Amino acid sequence: MNHDNVDLDAVVVGAGFSGLYQLYCLREKLKLRVKVLEAGGGVGGTWYWNRYPGARCDSESHTYCYYFDRLLLEEWSWSERYPGQAEILRYLNFCARKLNLEKDIHFNERVLESEWDSDARLWHVKTQTGKTFRARFLITAVGCLSSTNMPDIDGLADFEGEVYHTGQWPHNKVEFDKKTVVIIGTGSTGIQAIPEIARQAKKLYVLQRTPNYSVPARNRPLSKDFHSAFIKEIDAWRSKMLKSRHGHPWTAPDRQVRKTAPEKRQNIMEAAWERGGLGFRESFDDVLLNEESNKIMSDFIRQKIVDTVHNAETAKKLLPIDHPFGTKRPPIDTNYFETFNCDHVHLIDVRENPISSIFTNGVTLSNNTQIRANMIVFATGFDAMTGALQKMNLKGRGGLKLEDAWYAGPRTFLGLAVPEFPNMFTITGPGSPSVLTNMPRAIEQHVDWITDILSHAIQCDYVEIEASQAAANEWTQHVTDVANKTLLPKANHSWYLGANVPGKPRVFMPYAFGLNHYRNHCDSVTANGYAGFLLTK
Ligand code: NA7
């Protein structure tokens, strides 16, 4: 074997939650020769890269973890209601150690190109270090939010201060002390980072294009009792999550906002606001289905913003009005709106007065206002769901590029497989519930399903498995139809629609019918002999 060529049964790209579990399943259950290729210097995926101040998961800790191994659940005890970035990274390192995964992971091995060789029926995966990995199966575990979106602003290269993107945060401590900081973006990330940066910086300018809703997280430390009670109830927690649409341990009660008497619904919303977190949205079951109901809930949050922010002018600028609540990824926060009561925090509306350029010492707005700063933080999000896949320069049958196959938007079967890309599977790919769920639940379902289909292919001597064009067309239409029954497509600038990246096709990408329904679809495909797949002996 050539030193730079490695022959394998399977290559997995990415060592986050999905890649680690996929490696475990293929190695331990199917006994395959498998390696993980990871661009980062350690495991963790999104939690390896997103080290910005305030980075924290919005799923609750005891649900944001693997459930496939009871010992992992018993031995790891979380310290807070929501896990912070550093704790999740420690957790994933703990899992990798326990399951002895690191020996099969190549770190600092960024995939530059992956091409299907129709003659040899192998994937050729080329990396930045000059190696080629050849494997029968290719599984992408690259995450949905890993390819950063950096706006192309004139003059950025001339800026003499520090520049950071939250999704590629440095490993060394960034000092904000005595500095004037500009932060661009008020999505979930900006909403987490702004209060933390404000605590440390001399002055903070928040450049907001679209005001956002946010619900208090109500984070708090968890006691030791919590963990001991939790491990007695693991099966019950699992079962609640598997029954729910979003993979969280709750389902919305059977009640509608608009049909609930005003005083009663106000009390329900107040109680949900006090509990905090993503469960707020689930206090009724029609928030994303009915405009009138959504408006009542949106107005409730707007009133909370007005009540919290002292300066009426600032409060007005913070009121989200261009999209219904929940149609963009709903952030949860710790003291976000309160932060605008600090004298050193300034909110700038860059929809009214857009950024025109960056100069050596700061940012210039279109009315020629100059904001002088020592640091610019881009909290401008990601080329979501498709960006990281396209960066791998995937070429399927006949050299077909993924970007050409997806010129009108991603087209997949179940978000798991793409026609003309045989023996390739995409964990939490576009067309699967992914970002609309508590991710580890979606990931475990995908990895188990992929493991089963590979096992089936191996047992039956299938040399190729490929989604049919008809199945992918039908599924992609179904994903669109399901989204159109909800209010979700009503957010114009949402990354769910690809609308945050200039030139990206506007297609609603995640599957909105719920992880529970989605699992049934996948199971029926399996029960019907992998209907929708072309299986070649
Ligand atoms: P998001 O949710 O895409 O938010 C990005 C923010 O950056 C959003 O407020 C954007 O405004 C703003 N943005 C993007 N480009 C620009 C330019 N050119 N000028 C001004 N403002 C801009 O990304 P996040 O990282 O916050 O969250 C992504 C997910 O990661 C999150 O939901 C979690 O699941 C984890 P816009 O709304 O487009 O007007």
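Modeller: The protein's domain assignment gives domain 1 (5-147 + 384-536) and domain 2 (156-228 + 242-378), with bounds taken from an automatic or database domain assignment. This is a predicted model, in which local features need pLDDT of at least 70 and side-chain atom pairs count only at pLDDT 80 or more, while totals for chains, interfaces and linings use all residues. Residues are numbered from 1 along each chain as its sequence is written, and side-chain values use heavy atoms, with hydrogens and water left out.

Colleague: How far apart do the C-alpha centres of domain 1 and domain 2 lie?

Modeller: Those centres are 28 Å apart. In contact (heavy atoms within 4.5 Å) are 44 residues of domain 1 and 50 residues of domain 2.

Colleague: How is the size of an interface often given?

Modeller: Often as the accessible area lost when the parts come together. Here domain 1 and domain 2 bury about 3,900 Å² between them, with 54% of it on carbon and sulfur atoms; this is the area (1.4 Å probe) that two parts lose on being put together, summed over both.

Colleague: How many salt bridges are there between domain 1 and domain 2?

Modeller: The count is two, where a salt bridge needs a side-chain nitrogen of Lys or Arg within 4 Å of a carboxyl oxygen of Asp or Glu. Lys490 forms a salt bridge with Glu291, their closest N and O atoms being 3.6 Å apart.

Colleague: Where does the ligand lie relative to the two domains?

Modeller: The ligand lies between domain 1 and domain 2, because both give residues to the shell around it. That shell (residues with a heavy atom within 4 Å) has 19 residues, of which Thr189, Arg209, Thr210, Lys328 and Arg329 come nearest.

Colleague: Which polar side-chain atom lies 2.8 Å from an oxygen atom of the ligand?

Modeller: One of Arg209, within the 3.5 Å limit for a pair of N or O atoms in polar contact. A backbone N or O atom of Thr186 lies 2.9 Å from a ligand oxygen.

Terms used. A polar contact is a pair of N or O atoms within 3.5 Å; within protein, one must be able to donate a hydrogen and the other to accept it, and residues adjacent in sequence count only if both atoms are side-chain atoms.
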